[in-house]
Amino acid sequence: MALIGLKATPFAAVAQLLAVTGVVLVLVWCISFMGGLAWEATNKSLIFNLHPVLMLIGLIIIGGEAIITYKTLPLNKETKKVIHMVLHAIALILGIIGVYAAFKYHNESSIANLYSLHSWLGICIIVLYGIQWIYGFVIFFYPGGPSTLRSDSLPWHVLFGLFVYILAVANAALGFLEKLTFLENSGLAKFGSEAILVNFTAVVTVLFGTFVIVTVLSQPVIEDDYSYSAI
Ligand code: HEM
């Protein structure tokens, strides 16, 4: 299943560095530049700020960590399966709360919902991610499907999972672009420090997604553990 003949270790290490960088950048932007995070506030922008933070840390970073568990962790298959499933559940829950925060901000500020390409793709991503998680849980974990269905399903699970993940990374980039464009249209300097910070955060997001994919396509860290063959 591995398309790249090299070990996953260096690619996964770069992904971890990018993950930490992405978390720091999005928090600095939303807290220091955009005023902070709040679930209830008179300044409704603080509710919106939860959206990029939860989407990046949840769906993109924790979701990416879930994807690479089979290639990076020196553990047995059953343990990795549970970690993979639990991390994806956390990613999905944070993603749902993050999307809810965007709707909450719109509703409390009398802004229309679902008018942008970003929001349309966003809804599709959350729905597909949810379907993928439920199918994976039922077929591979509990109660578990017949062994032929499990082995027939696995390549589709991998392909569909990577498709949804790549779509999520692309949509996060669209989200950064959209928010920065709104801010610039309201007077934010195009080459100011905040604009550069937002673009840089988006670049780190795309690079993290890239290293997640490269890690998945490379050889597992444990020589004799070809996780995809045994389900
Ligand atoms: C994969 C991750 C993401 C998903 C699935 C997602 C999904 C969504 C959804 C469904 C909405 C619609 C809310 C509504 O109509 O009330 C929305 C709104 C928004 N999101 Fe995201 N989002 C993601 C990441 C981001 C990121 C990282 C940013 C960066 C700032 C962002 C910026 C925005 C903005 C500005 C809006 C309001 C305008 C609009 O509805 O397009 N999003 N997002």
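## Exercises on a predicted helical model

T205 lies in helix α6, where helices are DSSP runs of H or I with at least four residues, numbered from the N terminus. The model is predicted: local features need pLDDT of at least 70, side-chain atom pairs count only at pLDDT 80 or more, and totals for chains, interfaces and linings use all residues. Residues are numbered from 1 along each chain as its sequence is written.

**Exercise 1. Work out whether T205 counts as buried or exposed, and which residues it touches.**

Step 1. Start with the cut-offs: a residue is buried if 20 or more other C-beta atoms lie within 10 Å of its own, exposed if 12 or fewer, and partly exposed in between, with C-beta atoms placed from the backbone.

Step 2. T205 has 29 C-beta neighbours inside 10 Å, so T205 counts as buried.

Step 3. Now list the contacts (C-beta atoms, placed from the backbone, within 7 Å). Leaving aside neighbours within four places in sequence, T205 touches G22, L56, I60, V169, A172 and A173.

**Exercise 2. Describe how α5 and α6 are arranged, and name the residues in their contact.**

Step 1. Two packed helices are described by the angle between their axes and the distance between the axes.

Step 2. Here the axes come within 10 Å and cross at roughly 175°. Axes are lines fitted to C-alpha atoms, for helices over the stretch in contact, and angles run from 0 to 180 degrees between N-to-C directions.

Step 3. The angle therefore makes α5 roughly antiparallel to α6, a label for angles over 145 degrees.

Step 4. On the α5 side, the contact includes V169, A172 and A173, and on the α6 side T205 is one of the residues. By class, the contact has 13 nonpolar, 3 polar and 1 charged residues; Ala, Val, Leu, Ile, Met, Phe, Trp, Tyr, Cys and Pro count as nonpolar, Asp, Glu, Lys and Arg as charged, and the others, Gly among them, as polar.

**Exercise 3. Find which element gives the most to the shell around the ligand.**

Step 1. The ligand is surrounded by 25 residues, and the closest are N113, S116, S119, G122 and G175; a residue is near if its C-beta atom, placed from the backbone, lies within 6 Å.

Step 2. Two or more residues come from each of α2, α3, α4 and α5.

Step 3. With 7 residues, α5 gives the most.

Definitions and conventions
Contact = placed C-beta atoms within 7 Å. Parallel < 35°, antiparallel > 145°, perpendicular 65-115°, else oblique.
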